[in-house]
Each structure stands twice: as C-alpha cells, then as structure tokens.
Amino acid sequence: MMPLPALDSQRRATLGRALNLALDKRRQSVAQFPDWEAMRQRAHDIRAGAVERLDEYLDQFERAATANGIRVVRVATAEEACRYVAAIAKRLGVTTAVKAKSMVTEEIHLNHALEAEGIRAMETDLGEYIAQLCGQPPFHLTAPIVHLSRDEVGRILADKLGVPFTNDPTRLTLIARDVMRREFLTARLGISGANFCVAESGSLMLVTNEGNGRMCTTLPAKDGPRVHVAITGIEKVVPTLKDAAHLLRLLARSGSGMRLTAYTTLINGPRKRAGGDESTGPDEVHVLLLDNGRRSMLRDPHLREALYCIRCGACSNVCPVYHRAGGHAYQSVYNGPIGSVWSPALWNTERAATLPFASSLCGACADICPVKIDIHHALLWQRKLAADRGRVPLWQRLAWRAWRIGMSWPALYRFGSAAARKLVGPAVLNRLAKPWTATRDLPPLAAKTFRELWKEHPAE
Amino acid sequence: MARILKRLGHHVEYPAEQTCCGQPAFNAGLRAEAAALAKRFVRIFDRFDAVVAPSGSCVAMVRNFYPELLGDGRGPARVPLAGRTFEFSEFLVDRLNVTDLGAAFNERVTYHDSCHLLRELRVQEQPRRLLRAVKGLELVELNDGPACCGFGGVFSVKFPEVSTVMAEDKVAAIERTGARYVVAGDGGCLMHIGGMLTRRGSKVRPLHLAELLGGVA
C-alpha cells in the first residue's frame, strides 16, 4: 500500500472552510425540495437507463449529431484522443488553443500531449487557469483550486503575470479576464468537455460559471476556419433533453448549492452557413467519445453504477479522508471517493490500486451522491479486484490466511488470545502496533476474556 | 448486553465456538477467507431465533454483505440468518419495544454515530431513545456531521496519518460538548476514540451503550 499523507493543519482549515461552505449551501438548497430523495431516485433511474443501453444511445446520439453537422468520433484510448486533437491543430496551423474546464482532457493529459507538438493549450476556467499557472493538477473535480486562499491566488497572479498584488476576488477575476479575452479573440481552436450528450437531439450540454465555456466554443475570431473539439466519456450520454434538464437540477445543487451554474450551453452543431444568418460559432464541431477503460466498468455489474457519475464533486466535499488528505494526495486525476472507484478501472498502477483502500468506508459519499451511486460498496469491490490481481502483497495474504485458520479453530483462537495477553504482554503488543500507538493508545488488556467470564457466570 | 436481555426475560446463549464474522478479511478484499468465516458463523448461529451483537459493523457484515459474499457469482445468496441478526439498540427498540431499562446515570453524555450503524443499518434514533430514558442523563449532540472517527478497521493502521487527524477532530468535537462520556454502539469506534482521548489526556471516557444501560459504568 502506498501512503496517503495528511495536509498540514493550516491547509486543512482553508480546505475545510471551502468544502463546508459548499456543503452548507447544498443543504439549504436541497431543503427547498420536499422530495429530494425522489429526485435522486429519478436521476439514478435516468443514468441507469442510459448506461444499461449505452450503445443504443451512443448510436442515436451519433446519428442525430451527425445530422446536425457535428463530426462524432469514437476513440478507444487517451493517445488516440490526443493525436486526433493535435492533428486538427496542425491542419489549422494554430499554436494556441483555448480550453474550457474538462476532467476528461485531464484524464488523457491532453495539455502535455499538445505541448509536445508545439501547441499551447490555455485553460480559461479561472481556477483551472490558476492551477495551470502554478503547474498543478486540479485539486477537486469541480473546484480546481479549492485548497488555495485568496491571498495565495493573489500572490500567484502577481508572480506569474507581473501584476500588482491584490486579494480582492473581483480584481483578481478582472486581471485574469484581461489575459483571457485576448486569447478568446484570436483563438481558432476551442477545446471543451461535455456534461451531457443528448441522444435524441444530438446536442452537447456544457455548464460553466464564468461563460468561458461559451467563449471557447463560439470562437469569435475572424481569420481562417475555427474548430471546436469536445472530448467526453462514452458514459455521458443521456436519452432526452428532459433527462438532461432533470440532471441539471441536481448537478450544481449537489456540488456547490447553486440552483444552476451561471451558464448552461447547449451546442447543436457548427455555424450554419447556408442561410448566412449565423455570424458566430465554429466552422466545425468535433465530438470525441472516449472509452479509455470505461467499457471494463460497463462489463462489471459491481462497477457499472460508477458510470452514472455526473461529476458534481459532492462526494469529495463530504468525504472525511478527502478533507484531511486533499485532492493531490490521491495522485490521480479523479480523486475523492468516486475517483477511487474510477482510478483502478482506468489505470493499472499500484497507486490506483491503493486508492480503494484509502477509505474508512463511512458511506457519507453514497448518502450525498445525487445519482445514488453506492460508492463505498464499489470501493469494497475494487479492493476485491485488487486482491484478485495480486495487488495485496504475499505476506499480507499469508497473514490473512493464518488469521482465518486461527479464527476457524476456537482452541487456536483461545490459545492466540491467551498468548497475546499472558506471554507477549502489552509492551510488545504496543510496539507491534506502532502505526496505531504512535498517535493513539491501545486500551488495557482485560484481566479475563468474555469467554472466561461467561464460563464463570453465564449472563450474570 | 446479555444481562439486560436476560433481565427482559429472554434466554441468552453464548456459543463458545464463535470467533469472528469475517469482516476484516472482507474489507481487505480477501473474500475467500471472509467467506470461510461467514459460513462458519452461519453454521454456529443458525439455530437461534435472533442473534444480537453489541456492534453495528458486525451486524452490517452479516445483514448487508453475507448475501453478496456467499452468492455464487450470478447473484446474492439467500441467508435467512441475515434477517434475524440485530444490533443491540435496534433489537431493544424495534423488536422488543423497550426504551426504558430503568437505568440511572447522573452525567452529561454525548453519542457518536458509528458509520455502519448510521449508514449501513440506518440506526440513528434507537440509541438516542434509550439514552433519553436513562434517569439523570443529559444527552448533548455532537455537532460534527455526523463524521467518521477514522477507525475503519485496518484503515487506521494502513493510513495512520489521515486516520489520526480524523480522530483528533472527533475528540475535539466531543470535548466541545462538555460531556463526561462519549457513548457509541461499536467497539472499534470506542477503541479508536478512547485511544485518542487518553493520549490527549482528556477527562472524557468512552463507553459502550450496553455498559451504560447495564449499569457497568
């Protein structure tokens, strides 16, 4: 098992304030619905229906989107997806792309891949932009710099952009906006994810809070063709616009307590040229539907439910482990409880295999999930898969076997407990239990076991 | 617990050959080891009308996870014993309709919701009703979530840093209530919280609900 360090107490306090504020606002927002549970159940059913008949809805989406003039491409791997985007950039002859926030592009490490081809991908979500400025991956599914204070953000902008220091959020936003506007006005390649792909209409739904998603996907540049590439996972398809609208009601509320994100963008295709009535919008829209391990989750009935995730981030907000360790400790693009279910399915690494174990299984994640994913039970299943794949070291497996044998023979069990109490003694036990006793005491050993007491006075 | 159940007129047996329900191995991902102990558990306890345990997580293991664990891979197994296995407080309140055991305890007490009790068994009100019926007892609510104490079985030794901070925050929340005792329905949580309380030199003492109700404290 690889360790999961805790944040220092000051960072925990900064993070905790932000996460608890989101939880408080969520609580108030949810309380306005007399039947939030029924809304969750409906959201669960919508996602279950979509995932159970995934290929059908993907085909329907592809047909409808293609009819709208969108190019739909199925990509199996991260490399394939990155190559596709790089090829578009080369064809356009651009060296800069503007990006709306997208976890899937983080998953495939698109920015690095583009950089290797001499293309600079600029993040335009404010939090993501600041994370990019300091070379950090996003800390949280929906809030990339939730762990930073206003002062820290001010110092980063002052350092990296050479502007005077301020910690005023409005002025900080205006500084970033100045930089971004220039890019938006000249960019010819816009990259985004998609929150939902609507099968019946072939549309993409994109939610942002800063309008940057709209800027990235409408691209008001004048010289040369303009292209929008959306990259999303195959699981993001939903059957109808009505379904997407329902999920929208739970998405922002669960993550931040907002009723809706500030901008909800529905993209139905490239700029229409026939009538000449659309002056803005890209000349081409490409949608990349990425597998990258998702089909392995689809095939496993215990993991399939994890594909229902709408990436609201609520499970991280409520997770006691996430609160203490923070997003970067997971060392995985997808962090927090749902991230620990996803990561081992996407990446066959020791780090990813460790994550399902880095949970006390308290179940707060499953209780808050707006689409009712049994997150902590999926973590248990991932632990089983890790053991099946030999990720549990041999000595541990042997220790568990010995433990099971001891537990199967009452005489052995009694001998073991007597030996521990009488022969080994508390001093040695305390040393053996170092990871525990370094910070916590062990209770004193009882003079007699319950079994012995019961023998003397049954139920007295 | 046995004494209370006996006092209520029930015939209580303690099968001496019992050991463990298998939960630790199950949580470690080693389901074959867990299944061996689960089968053993069912064999030993199947002859009883009801199995009562002073532990939410052991009961959650039997009730919620045995069917999956003992299934044949195509679906969950039918485990009738799962429906007859109860946590102590839910057995008293829901099955026996008893809330007042005539206990007295002149202390300020707070109650820690153990995660498996709260979220696997949905037992939340039962222990509180039992506590409110205790004469002289003042119940003060913890105002922290309800958050996990950070025990989580082997989690506490595999990830000691995070687990420790969780326990520290739990103990801080307990101390803010001004209670003299923290009561819970799971030995794991009590061992963890208690270990942090004594390490920090706190005056607060951990106490199992059954100890309090049975007048052992």
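Two residues are in contact here if their C-beta atoms, placed from the backbone, lie within 7 Å. The views below come from a predicted model, in which local features need pLDDT of at least 70 and side-chain atom pairs count only at pLDDT 80 or more, while totals for chains, interfaces and linings use all residues. Residues are numbered from 1 along each chain as its sequence is written, and chains are lettered from A and ligands numbered from 1 in the order in which they are written.

View 1. Domain 1 of chain B covers 2-95 and domain 2 covers 108-213, with bounds that come from an automatic or database domain assignment. Their C-alpha centres lie 23 Å apart. Here 18 residues of domain 1 of chain B are in contact with 20 residues of domain 2 of chain B. On the domain 1 side, α2, α4 (56-69) and α5 of chain B give two or more residues; helices (H or I, at least four residues) and strands (E, at least two) are DSSP runs, numbered from the N terminus. The most comes from α5(B), with 6 residues. By class, the domain 1 side that touches domain 2 of chain B has 9 nonpolar, 6 polar and 3 charged residues. For these classes, Ala, Val, Leu, Ile, Met, Phe, Trp, Tyr, Cys and Pro count as nonpolar, Asp, Glu, Lys and Arg as charged, and the others, Gly among them, as polar.

**View 2. Helix α5 of chain B packs against helix α7 of chain B.** The axes of α5(B) (residues 88-95) and α7(B) (residues 125-132) come within 8 Å and cross at roughly 75°. Axes are lines fitted to C-alpha atoms, for helices over the stretch in contact, and angles run from 0 to 180 degrees between N-to-C directions. Look for B:Ser89, B:Glu90, B:Leu92, B:Val93 and B:Asp94 on α5(B), facing B:Gln126, B:Pro127, B:Arg129 and B:Leu130 on α7(B). Together they give this contact 4 nonpolar, 2 polar and 3 charged residues.

**View 3. Chain B touches chain A.** This contact draws 46 residues from chain B and 42 residues from chain A. Among the elements of chain B that each supply at least two residues are α3 (31-45), α9 (160-176) and α10 (187-199). The chain B side divides into 24 nonpolar, 11 polar and 11 charged residues.

**View 4. A:Ala306 sits in the largest nonpolar core.** A nonpolar core is a set of buried Ala, Val, Leu, Ile, Met, Phe, Trp, Tyr and Cys residues joined through C-beta atoms within 7 Å. The largest one has 196 residues, and A:Ala306, A:Ile373 and A:Ile375 have the most contacts inside it. The element that gives the most to this core is α4(B), with 8 residues. Leaving aside residues up to four places away in sequence, A:Ala306 touches A:Met297, A:Ile338, A:Val341, A:Trp342, A:Ile373 and A:Ala378.

**View 5. B:Asn64 lies on helix α4 of chain B.** B:Asn64 is found in α4(B). This residue counts as partly exposed because 15 C-beta neighbours lie inside 10 Å; a residue is buried with 20 or more other C-beta atoms within 10 Å of its own, exposed with 12 or fewer, and partly exposed in between. From B:Asn64 to B:Gly22 is 42 residues in sequence and 13 Å in space, C-alpha to C-alpha.
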